[in-house]
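Subject: Structure handover

Hi,

Here is the structure we talked about. Please open it alongside these notes.

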Amino acid sequence: MVPLVMTRSLARNLFHMLRGAAEKTTVEGLKKRGLRTVSVLNFRDVQMIIVRSIENTLQRRGLDFDQSDIQDEVRHEFLSLIRERDVLQGTVDALLREKGELAENRSALATELDKATLEYENAQSSSEAGDSDQEIAALMKRIASEVIATQSAAGVKPQLTDTTLSLVQAALQDHLQTMGQQSENGQQTNLNQLQRRIEKLKRKLHETEHMLERARANGVGIERLSGESVDPGVKHNDPDFEVKKELLGEIFRLNVELRQLLNKN
Amino acid sequence: MATTGKNKDNANSSTGASKASKSKGSADTEQSIVWIGMDLGTSRTAIACSNGVRESFPSLVGYPKDIISHKMLGTDVLYGKDVIARRLSLNVYRPLEAGVIKGSGDDKNVAADEAEANMTAARQLVKHAIRSANAPADSLVYCVIGAPAEASINNRHALLEAAKEVIDSVIICSEPFSVAYGMNVLTDALVIDIGAGTTDLCRMHGTMPEAEDQVTLDHGGDILDAKLSELLKKSHPEVSFSLQMIVDAKERFSTVRSTSDPILVTWPVNGRPTEIDITNEMKEACFSIIPPIVEALGKLVASFDPEFQEVLRNNVLLGGGGSQIRGLAEAISDYMDEHLGGGQVRQVEEPVFAGANGALLISKDMPPEYWEQLS
């Protein structure tokens with residue numbers, strides 16, 4: 001069998017793909033992970049391994065295809081894998097961006113919700129406080145003394161002064177009641193608006209948190225693909241979550257029993 | 001990645017010193033825990049770690065025979081391939097037998113001092129495996145170790161003992177189960193894990209496999225070596241060979257395919273290197289492990305729910321170092337066709353790491369509070 005050769009463009013594509021897929025890390029980062037030495041694989045060796053593995057597989061299987069057909073097929077397969085990888089990488093990047101935006105959005109919404117809640121509490125306390133009875137009594141007293149002084153100077157009969165005073169008092173009471181009603185209505189409208197805003201903000205916050213949770217779950221998948229460490233524990237979005245949870249619980253129980261048995265002995 | 005004996009000793013002392021300062025309170029941060037899946041096999045030990053480290057080495061521990069060897073080797077203990085390379089200067093221990101630490105069971109044939117020596121060697125082997133993980137000195141090490149399906153309480157205890165010095169929290173798990181978990185095959189499947197000492201078979205049906213779901217056979221790679229040696233002594237009595245030469249030949253050429261190139265080895269005959277054809281002996285020895293496996297498969301299938309027996313028969317996973325025999329999956333399928341009325345066997349992707357990969361997945365999926373309780 002004639003040895004397979006990797007074309008220059010195929011090798012170039014492979015090189016770019018490997019470079020793109022490689023985990024980038026600093027020397028300091030490696031030291032932190034406790035690594036003192038790293039194995040470095042020359043690109044030519046990688047190329048040779050791929051060519052040799054194809055060659056060996058074909059030889060083992062006793063297949064005797066036309067070399068150019070194989071090269072075309074391998075090239076085609078390889079390019080489609082690169083395209084697939086690019087699409088996946090694009091999706092991963094978009095998901096990570098979305099996750100970042102959602103986290104920012106969530107924090108802005110939480111701040112706004114805090115602000116609205118504070119505003120609502122202030123409005124409620126000022127509405128509850130109302131006008132002071134003492135202030136009204138003082139106003140009534142001042143009006144009464146001015147009416148008495150004016151009417152006695154003009155020689156008006158005390159009976160008429162009393163009637164005038166009660167009329168003024170009644171008019172003032174009516175006015176205050178109307179003003180109070182208007183103010184209460186305005187305050188209530190303000191409170192209702194604030195309450196609706198708070199409800200809406202809460203709803204948005206809840207939705208954002210849900211979306212963020214989903215983005216995080218996607219993130220776990222991404223991290224698993226890239227070989228980075230992940231949060232421990234079987235994930236809720238695992239299709240076999242229930243079965244795995246049960247099996248892991250069983251393994252744990254058996255290990256606890258083993259320790260108990262050993263402690264007894 | 002090679003490290004010198006001196007480096008290994010340094011790594012060991014730093015791990016030991018840091019253990020006292022470890023805080024459980026910080027265990028939930030990613031950096032502070034390294035999860036390890038370990039397949040502590042009779043022939044090879046494999047680890048897969050959450051920090052990306054994957055190592056596999058022969059389960060061998062060697063101590064210098066005398067002061068001269070000690071001076072020459074410059075270390076108190078050697079492991080794995082180094083033991084094979086320097087075996088003439090070493091007292092060699094292969095501390096595991098049939099997947100468990102030698103002398104840890106109820107075997108009265110193993111003397112107390114021999115059992116103790118094997119325990120020490122096993123402890124050092126586990127330490128070496130954990131050091132290979134390159135976990136940062138101040139991180140917690142949580143490890144799932146695969147044990148043969150039928151390992152006894154004493155065997156499991158010995159594993160825990162061997163691990164407790166260097167591992168902060170350890171879980172023992174059935175080896176074939178961890179292979180299945182790693183492949184995400186949790187239901188209606190049969191797993192065959194061919195090791196050096198044993199072949200474990202395990203039936204998966206969505207719950208934890210129980211005793212009746214698991215079978216451990218004494219037919220593993222070691223039996224195959226013995227068979228090959230016996231056949232060669234008969235057919236080529238003039239040839240000199242050692243067990244290590246048999247193992248090397250098996251690792252390079254093992255096959256059950258009827259059509260393959262002749263298997264030629266160059267071994268000494270009266271001190272002269274001579275080319276010998278061992279094709280027939282190799283195929284016969286490799287094939288010898290198939291009938292007992294299929295017989296055990298048949299028992300596990302026959303005792304399963306009749307409605308799902310066919311599904312089970314057609315979903316057989318083949319893993320373990322011994323599964324690397326060329327054409328083995330197809331040969332078992334063919335033998336099942338003949339004797340069980342059909343069957344489909346497929347080989348796992350990484351036979352040597354399948355157990356360790358599965359154990360790593362289990363360790364990562366295990367809730368943190370479980371780890372805390374077992375530490």
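This is a predicted model: local features need pLDDT of at least 70, side-chain atom pairs count only at pLDDT 80 or more; totals for chains, interfaces and linings use all residues.

Residues are numbered from 1 along each chain as its sequence is written, while chains are lettered from A and ligands numbered from 1 in the order in which they are written.

**Overview**

Chain B has 14 helices and 17 strands. Both are DSSP runs numbered from the N terminus: helices are H or I with at least four residues, strands are E with at least two. Of the 375 residues in chain B, 48% are buried. Buried means that 20 or more other C-beta atoms, placed from the backbone, lie within 10 Å of the residue's own. Take the contacts in chain B with a separation of 6 or more: 70% join residues 24 or more positions apart. A contact needs C-beta atoms, placed from the backbone, within 7 Å.

**The sheet**

Five strands of chain B form an open sheet, ordered 3-2-1-9-10, with mixed pairing. Pairing takes at least two DSSP bridges between two strands. From one strand to the next, the twist averages 20 degrees. Strand 1 (residues 33-40) and strand 9 of chain B run parallel over seven bridges. Trp35(B) has Tyr142(B) as its bridge partner in strand 9 of chain B.

**The core**

The largest nonpolar core has 109 residues. Such a core is a set of buried Ala, Val, Leu, Ile, Met, Phe, Trp, Tyr and Cys residues joined through C-beta atoms within 7 Å. Ile36(B), Val141(B), Cys143(B), Ile145(B), Leu297(B) and Ile332(B) touch the most other members. Strand 9 (residues 140-147) of chain B gives the most to this core, seven residues. Leaving out residues up to four places away in sequence, Ile145(B) touches Met38(B), Leu40(B), Leu159(B), Ala163(B), Val170(B), Ile172(B) and Ala359(B).

**Helix 13**

Ala359(B) is also one of the buried residues of helix 13 of chain B. Twelve of the twelve residues in that helix are buried. Helix 13 (residues 354-365) of chain B should span 16 Å at 1.5 Å a residue, and its end C-alpha atoms are 17 Å apart, which agrees. The expected span is 1.5 Å times one less than the number of residues.

Best wishes

Conventions: Two residues are in contact if their C-beta atoms, placed from the backbone, lie within 7 Å. Axes are lines fitted to C-alpha atoms, for helices over the stretch in contact, and angles run from 0 to 180 degrees between N-to-C directions.
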